[in-house]
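User: Hi! I'm new to reading protein structures and would like to know how the labels are decided. Could you take me through a few?

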Amino acid sequence: MRVVILPSELEAGTFIANIIAEFISHKENAVLGLATGNSIVLTYQALIEQYKDGKISFKKVTTFNLDEYIGLESNCEQSYRYYMDNTLFNHLDINKKNTHIPECFNNEFKATCNNYESMINDYGGIDIQLLGIGTNGHIGFNEPTSSLASRTRVKTLAENTIQNNSRFFDETEIQPRLAITMGIGTIMEAKQIILVGLGKHKSQAIADAIEGPITSFCPGSILQQHDNVIVVIDEHAASKLKLYDYYINTEKMHQQYMC
Ligand code: GLP
């Protein structure tokens with residue numbers, strides 16, 4: 001696992017955007033796995049800037065999002081479709097038909113989930129999967145005790161997740177308690193995974209994911225078993241890492257010899 005600790009949230013976002021920009025400029029028909037949440041917004045803003053500067057194009061890029069709530073219309077401001085359109089897609093030259101989100105409006109959940117898995121396979125799998133992490137260690141909406149081999153399916157949200165995400169819903173709105181999420185097994189099939197964690201409130205989940213035992217109690221810990229993972233964190237999110245100095249030194253070496 002490559003652990004990159006950066007001084008600020010802005011630098012973390014720029015760092016991730018640069019990796020994606022470099023990748024899509026060289027790979028024809030790149031397939032990106034995308035995440036929602038606050039931590040990834042700076043990455044998306046940096047990508048939009050690069051697109052506006054004429055450095056990159058998303059015309060041939062296909063995307064698959066990690067998850068979506070059940071029970072919200074796509075034009076509902078709290079849906080992940082709305083988030084993705086407004087935070088990223090509407091500002092790029094991407095063809096919306098190439099942007100996939102595991103939405104289900106007809107209660108055909110099993111078919112939707114199976115179809116999502118098949119589509120990812122049909123596109124040749126995900127090249128780079130972006131991930132945030134919940135304060136309880138979840139990735140996508142794979143809550144603690146999710147099977148480490150799980151596939152795209154309906155998940156009941158943990159109370160902690162519902163509380164953390166309640167800031168996006170006002171009192172009159174019904175907050176979903178269910179979501180469709182790529183499974184942990186699905187995520188682990190991505191060729192490369194980049195996880196972002198920002199802020200002190202993520203420090204325990206980050207420490208558990210990087211340095212703790214591999215356990216379904218912290219779904220992010222499964223990334224220790226993937227051979228191409230970059231964890232990009234700011235100093236606050238890194239504050240509980242036991243091997244903090246080692247990661248700083250290793251990254252210095254990486255920049256000196258491998259870049
Ligand atoms: C939601 C999403 C996750 C995301 C998490 C962290 O629960 N389903 O995919 O990683 O939020 O979000 P934030 O970056 O806002 O803390």
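User: What makes Arg81 count as buried or exposed in this predicted model?

Analyst: Arg81 has a relative accessible area of 11%. Buried means under 20%, exposed over 50%, and partly exposed in between (1.4 Å probe, protein chains only). Arg81 is therefore buried. Residues are numbered from 1 along each chain as its sequence is written. As the model is predicted, local features need pLDDT of at least 70 and side-chain atom pairs count only at pLDDT 80 or more, while totals for chains, interfaces and linings use all residues; side-chain values use heavy atoms, without hydrogens and water.

User: And how do you know what Glu103 counts as?

Analyst: Glu103 has 21% relative accessibility, so it is partly exposed.

User: What about Lys27 and Asp127?

Analyst: Their side chains meet in a salt bridge at 3.2 Å, N to O. The two residues are 100 residues apart, so this pair links distant parts of the chain. Asp127 is buried because its relative accessible area is 5%, whereas Lys27, at 34%, counts as partly exposed.

Notes:
Salt bridge = Lys/Arg side-chain N within 4 Å of Asp/Glu carboxyl O. Helix = DSSP H or I, 4+ residues; strand = E, 2+ residues; numbered from the N terminus.
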